[in-house]
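Keep the viewer open as you read.

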Amino acid sequence: MTDSTESPDLQRRSGLRRLKEGTYGGFFAACAAVTLLTTVAIFVTLLSDAVVFFQEIAIAEFLTGTNWSPNPAGGGQAFGIIPLLIGTLTVTITAACIALPIGTLTAIYLSEYASPNARSILKPLLEVLAGIPTVVYGYFALVYITPALKATVFPEMSTFNALSASIMVGIMTIPMVSSISEDAMSAVPDELRQAGYGLGATKFEVSTGIVVPASISGIASSYILAVSRAIGETMIVVVAMGAQARMPAVQEAIFGIPYINPADILLESGMTITVAMVQIAQSDLTGGTIPYDSMFALGLSLFVVTLVMNVISDIIAERYREEY
Amino acid sequence: MATDNATDGGFGEVSRVRGIVFEYLSLGASVAGLVALGVLLVYVAIDAFDLADASPEWLLTYFLTLVVPFLAFCLYSAGDRAVTRRALGVLGGGLVAVAALFTAVEAFVVEIPRLSWQLTYLFVVAAPVTAYLAYVGSRGRVGAVGFGLVGRLVGGAAIGLAVGTLFLVFDELVWFLAYTLGVFPAAVLYAYGRWRSAGRAMTAAAPVGLVGIVAAVFLRGVIATYPSDLLIYIWTLAVPIAVVGAVVVDGRGSRIAAAAAGGVPLAVATAGGFLAGGFGVPGPTALIVLIAVGVPTAVYVHRAIDEGDGLIGLGLPFLLVVGALVGALVVEAWGVPAPDPWLDVGFVTGSPSRTAADAGLYPAIVGSVIIIALVAVLSFVLGVGTSIFLEEYTAESGLIGSLTRLLQVNIANLAAIPSVVYGLLGLGLFANLLGLGFGTAVTASLTLSLLILPITIISAQEAIRSVPEDLRRGSDAMGATRWQTTKNVVLPEALPGILTGTILALGRAIGETAPLIMIGAATTVFSAPDSLFSKFSAMPMQIYAWAGFPQAEFRYGVVAAGVITLLVILVGMNGTAILLRNRAERGN
């Protein structure tokens, strides 16, 4: 590869060559600066429009309002984030109920039980789950999962519902949990396992009593990352969950204790923060209107929440990592 | 803990049941997601190809003419009696087991919609066995030659089509001038410098090329008459590719072989280009595809003949083509009812339509190809530049050190930001503030490049980090500067890893939908985009639009065909990435 022109220049005195070196170094530094600029640009873009929005709508009204209708037919806009939060929380919690146990068990299997051969096949296959485009998952949920659930378990389910979407979000996030947790479990030194066996523990006891507690910080940070991914997931919910910002009906149980029937949320359509953004984007893009600005306010909330979760996950992974 | 049991003096009894149950539970969890995805993919495939309406005779015909010869080829290549016995056992035993189990479930438990036991057998037994045998067969010499040839045919066609698509947007006349004035003289200078080892000629190549390209952009507005499209493509694409092929062969074999490897594909492609118009295929596309298929194939065939081992493998493409033809003939002759697949030539080359039967994906495919090409260039340059800076140009400590750590944390955080937020960035910054337009290819490419940049950087960093430190120190000891070490030692070693990571990241970009919606990309456009600033659609956008149609033909037919098209392209890209990585690992 070495060109004949590149005779060694041990003194480093040649001006042209130093200029060349400096140019390349500067170019690479500029590339690296793009990543920083991206973060700044995201923050500034979101903030500048969000500030305009909060001049029109008070922050308290935004955070506590129970009605979301940015483009009503008859007038009377309302920008309350509570129904969107309910939708987002529903999807996130349901997806976590699927992804966290399955992902953890998968990580335990891969790190403790699987033969090297099985691991080398299973690990790339699991990554496929995260590589499928999310719009395809949404289509699966709408066209196959919902009819299947309707035909078997929940006949009263509506065409667009939170449950099918959440199941798909859960399946999609399994590899996030399993790969990070598995890395943490594989990092547990073998001496700890051998010590467990030496005390007469079974493989089950070593796996659940030694390996899992020793790698708990990695597992926890994988959970947080998976949940933050589920919060920001867009296309699955847009396609499969519909777009109705609803407050679930509060019912009264015995002794007048108010409760919400989970079926009212899960089997009906709903709206997450991301769906609300997509819905506005499809009608209103030129800027200068309150709905346009509200999109950026929602984006800012999403950005802050995922950023905070990511930082917490980092701190947990760093701070509580067992040093071996 | 087991020690609790041992307090009464002995070792005590430890139940194995709990451990065994847990092991199988965790195994089940590992495959649960995969099984769910597999079932869904089977249903999509059935819908896209209308296999639910395929008669058992039709399935049997193609199974016998296409699948069985292919399996025989793989078994011959593997040349392992144990594998043959096992494969035949699984195929035969699976037939009985699936038929019995499926009938029993249908009879006693629940009716399974849109599946028959024949289809179940195909997907559950035949497909995995075929994949396994293809893997085993590819490790034999005959199979390696055969798969290599098929890979070049398919890959060449895909690349040729993609390049042809790019010229729908980029002005081929500018390219003609830039090639004639810039690229061609530069290449000649460089080749002359290499040949005569004249350093000055090689140094002059880059400035000459740049000046030529700049001149071409200016001259485009001045010069009015140009040769025909076909002549331009022959001069700027077909001839150089043929020359490269000839040079590669020349390095290994005789002059005659080299002339044949370059000349025959060139002649065939030129003839094809001029004749294609008669068949309703655009001449330039036919030319580009034929040259992209022909030259790598010719080079590969020459190498296989040169090595003289496993030549039978070269017959694999003929085996497959003849099998498909015989199958079609039998189906035609006996009047076997054939399914009417949604995913056919008309779907890939047609425009979207209100009626399901006429709906096509062509404009969306073109849009996706153009965006991905731009994203590939942008994210590769930015990603490699950043990772070189982080890995080669920074210090561990001091101000630069903390700056590096800040960049590192920042990149990790960027990777976790939801894609819909990147869409807002594209909308606010590129579309509204910079005025690049709503839903244009430029806005989309910039947005998606920033979206996948963190992934590209992280994988490129890993690739660069895996280059042994000794190589760098060796280069430094020869008096090389930092850039010379990077260019001559680090990048060549890390390139396969960087390419693998970039292609995988591009796979992520091609399926992204939410950012495209946010920047106002059209869900449906009826003609392919003709410039970087025209409205465009992309495959996932079109899928999203169709999934909202209430008609069953769209939900269960057209969308399924679109999903399969998207997934096939994804699998092709990821497969290329994995092949690259495996080859690099074997090389080391």
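Helix 8 of chain B bends by about 30° at Ala205(B). A proline, Pro207(B), follows that bend within four residues. Please keep in mind that all of this describes a predicted model.

If you colour helix 8 of chain B in your viewer, select residues 199-219, a run of 21 residues. From the first C-alpha to the last, helix 8 of chain B reaches 30 Å, which is close to the 30 Å expected at 1.5 Å a residue.

Which residues of helix 8 of chain B are buried? They are Met202(B), Val208(B), Gly209(B), Gly212(B) and Ala216(B). Part of their cover is provided by helix 7 of chain B, residues 172-196. As background, an α-helix has 3.6 residues a turn, so residues three or four places apart point the same way.

Now for the chain as a whole. The secondary structure of chain B comes to 22 helices and 0 strands.

| Property of chain B | Value |
|---|---|
| Box filled by the C-alpha atoms, along the principal axes | roughly 80 × 80 × 60 Å |
| Buried share of the 588 residues | 40% |
| Share joining residues at least 24 apart, among contacts between residues at least 6 apart in sequence | 74% |

Next, a look at one residue elsewhere in the chain. Ala276(B) is found in helix 10 of chain B, which covers residues 255-276. Is Ala276(B) buried or partly exposed? Ala276(B) is partly exposed because 19 other C-beta atoms lie within 10 Å, whereas a buried residue needs 20 or more. Leaving out residues up to four places away in sequence, Ala276(B) touches Val281(B), Pro282(B), Gly283(B) and Ala286(B). For a sense of distance, take Ala144(B), which is 132 residues from Ala276(B) along the chain. The C-alpha atoms of Ala144(B) and Ala276(B) are separated by 33 Å.

Finally, the domains. The domain assignment of chain B gives domain 1, residues 1-48, and domain 2, residues 356-587. The C-alpha centres of domain 1 and domain 2 of chain B lie 37 Å apart. How many residues of domain 1 of chain B are in contact with domain 2 of chain B? The count is 4 residues of domain 1 in contact with 6 residues of domain 2. On the domain 1 side, the touching residues are 3 nonpolar, no polar and 1 charged.

Methods: Residues are numbered from 1 along each chain as its sequence is written. Chains are lettered from A and ligands numbered from 1 in the order in which they are written. This is a predicted model: local features need pLDDT of at least 70, side-chain atom pairs count only at pLDDT 80 or more; totals for chains, interfaces and linings use all residues. Helices (H or I, at least four residues) and strands (E, at least two) are DSSP runs, numbered from the N terminus. The expected span of a helix is 1.5 Å times one less than its number of residues. The bend at a residue is the angle between axes fitted to the seven residues ending there and the seven starting there. A residue is buried if 20 or more other C-beta atoms lie within 10 Å of its own, exposed if 12 or fewer, and partly exposed in between; C-beta atoms are placed from the backbone. Two residues are in contact if their C-beta atoms, placed from the backbone, lie within 7 Å. Domain bounds come from an automatic or database domain assignment. Ala, Val, Leu, Ile, Met, Phe, Trp, Tyr, Cys and Pro count as nonpolar, Asp, Glu, Lys and Arg as charged, and the others, Gly among them, as polar.
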